Amino acid sequence: MTSKEKIIRELKDSCKNVLYKKEDIYVYAYDTSQNPETIIMPLAVVLPENREEVVRIVKICTKNKIKIVPRAQGTNHCGATRPVENCIVMHFSKMDKIIKIDKENLIAIVEPNVVIGKLNKELDKENLFFPPDPSNLAVSTVAGAIALSSGGPRTFKYGSTKDYVINLEVVLANGSIIETSKNLAKNVTGYNITSLFTGSEGTLGIITKATLKLIPKPQTRLLTLAYFDDLIDAAKCVNNIINSGFMPSVVDLLDNTTIKTIENYNPVGLLTDKEAMLLIELDGFNESVKHELKILKDILLKSASSKIIQTETEAENENIWKTRRSAFSALAQIKPNVVTEDIVVPRTKIVDFVKFCQSLSKKYEIVTAVMGHAADGNIHPNFALNLEDKKEKENFEKLKDELFNYAVTIGGTLSGEHGIGTHKKKYIESAIDKNTLDLMKNMKKLLDKDNIFNPDKAI
Ligand SMILES: Cc1cc2nc3c(=O)[nH]c(=O)nc-3n(C[C@H](O)[C@H](O)[C@H](O)COP(=O)(O)OP(=O)(O)OC[C@H]3O[C@@H](n4cnc5c(N)ncnc54)[C@H](O)[C@@H]3O)c2cc1C
């Protein structure tokens, strides 16, 4: 019996669902991130049904020095679920129960693979709300969002996933189980290790249960589409809105290429001749939203918005959101690969950064659609290209080097919500100083001395 066969037998003795035939596991060599040349097949894929199975698998892997790549739905953009040599993939699709929604204490206790859209549907019935929205609500999961501290359009007002994680049950590399906190709204007893695991990209331990903070659902949501003939006016307008004393739940900026691409793919009547658009959402009580809307329209007119369109119904809102969320699929109609970056810059540098993206697009002849959560300075340049075209791939590497270097030079950083994964690791030293990075590496060694959990990711 080969060593691979021995491991598979051990895994099968410990876990009900183990896949190892090539045709069953081939798909796990991929995730949403685009990198066609380095395909590594895992030894096997395990689909644990409960915490006890997770513990047994972790112990087997630690004993045999087999790596574990935790995987939820694989929708990350940074290669965070790409297999490495001598690894198994641990896929959580069978741990997807909402254990409890506790309205009195405003918490939900869930298994890792609960889909965020499904959670919010259940919360809706109780007039509750879990704000983090990684823009693909129908697919992405709680643990995936926790491991990357995912954000989304409403981060400016509500914060990102890290602001909604109260307590985690985690299986460590030696197979022991910890709780990072208690199921309480506040707790400063001991170090804040909940935050350490949040955003750790599956490199420190396996999340088997999460307690999430909930908030009351806003009564009303209104969308305003403000068009501009000049990108600079749109960016200035973001600051004018923020400085006026209220917090919109969304202030997204779309450049002309994005407007044209998404309108072409999923028409809702967006004005494709405009240079830029701000998608602004107000939420709260009916009366306060009406009041804020009056102030907002005044600001938009004073900020040179050339056309303002207001949605009237929830159905209209949904349609606009559907189109706005389709940017990735829309770009995929143009070229076979779409790469989405997620750089953060100081809000005052948004115009410089967007213009820099546009200049790189021309210089390297790569279709680039820029959009972003402008109120956070979190900009997503989306690139449509063919990574199998050698010249285009080379150009793209050069483009990325310039892009990340520029972002860091103007006081920005590599990622605001998508994480680092394998894709941005090469730039990490430019964004984190040596002492801090050394501390992070030591923390990883302390928790996972054999580097079992998701190697080659994050730091
Ligand atoms: C069309 C589209 C739009 C998107 N828009 C946004 C956006 O606006 N904002 C945003 O932030 N992201 C966005 N994303 C990226 C992605 O959806 C998010 O990163 C998402 O939170 C990942 O969820 P997932 O369930 O697919 O996790 P996966 O991609 O499977 O995994 C993500 C990370 O979680 C780890 N992990 C998974 N389960 C566990 C576990 N149980 N224990 C420990 N670690 C675990 C993995 O190892 C990996 O590091 C978008 C993606 C797509 C395809």
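This is a short tour of the structure, one selection at a time.

Before you start, know that this is a predicted model: local features need pLDDT of at least 70, side-chain atom pairs count only at pLDDT 80 or more, and totals for chains, interfaces and linings use all residues. Residues are numbered from 1 along each chain as its sequence is written.

**Stop 1: the domains**

Colour the protein by its parts: domain 1 (3–91), domain 2 (98–216), domain 3 (220–322) and domain 4 (334–431). These bounds come from an automatic or database domain assignment.

Now show domain 2 and domain 4 together; their C-alpha centres lie 28 Å apart. Nine residues of domain 2 are in contact with ten residues of domain 4, where contact means that the C-beta atoms, placed from the backbone, lie within 7 Å. On the domain 2 side of this meeting there are three nonpolar, five polar and one charged residues. In this sorting, Ala, Val, Leu, Ile, Met, Phe, Trp, Tyr, Cys and Pro count as nonpolar, Asp, Glu, Lys and Arg as charged, and the others, Gly among them, as polar.

**Stop 2: the four-stranded sheet**

Select β1, β2, β4 and β3, which make an open sheet of four strands in the order β1-β2-β4-β3, with mixed pairing. Helices (H or I, at least four residues) and strands (E, at least two) are DSSP runs, numbered from the N terminus, and two strands pair if DSSP finds at least two bridges between them. At the edges are β1 (18–19) and β3, each pairing on one side only. Zoom in on β1 and β2 (residues 44–46), which pair in the antiparallel sense over two bridges; here V18 stands opposite V46.

**Stop 3: the five-stranded sheet**

Next comes an open sheet with antiparallel pairing, ordered β5-β6-β10-β8-β9. β5 (98–102) and β9 (177–179) each have a single partner strand, so one side of each is left without a neighbour in the sheet. On average, neighbouring strands of this sheet are turned by 10 degrees against each other, direction ignored.

Look at β5 beside β6 (residues 107–110): the two pair over four bridges, and I98 has V110 as its bridge partner. Axes are lines fitted to C-alpha atoms, for helices over the stretch in contact, and angles run from 0 to 180 degrees between N-to-C directions.

**Stop 4: around the ligand**

Which residues come nearest to the ligand? Of the 35 residues around the ligand, they are A72, S135, G144, A147 and G202; a residue counts as near if its C-beta atom, placed from the backbone, lies within 6 Å. The elements giving two or more residues to this shell are β3 (67–71), α5 (142–148) and β10 (206–213), and α5 gives the most, with five. By class, the shell has 13 nonpolar, 18 polar and four charged residues. Domain 1 and domain 2 each supply at least three residues.

**Stop 5: two helices**

Finish with helix α8 (residues 231–242) and helix α13 (residues 350–364), whose axes come within 9 Å and cross at roughly 145 degrees. Show L231, I232 and A235 in α8, which meet I350, V351 and V354 in α13. This contact has six nonpolar, no polar and no charged residues.

Terms used
Two residues are in contact if their C-beta atoms, placed from the backbone, lie within 7 Å.
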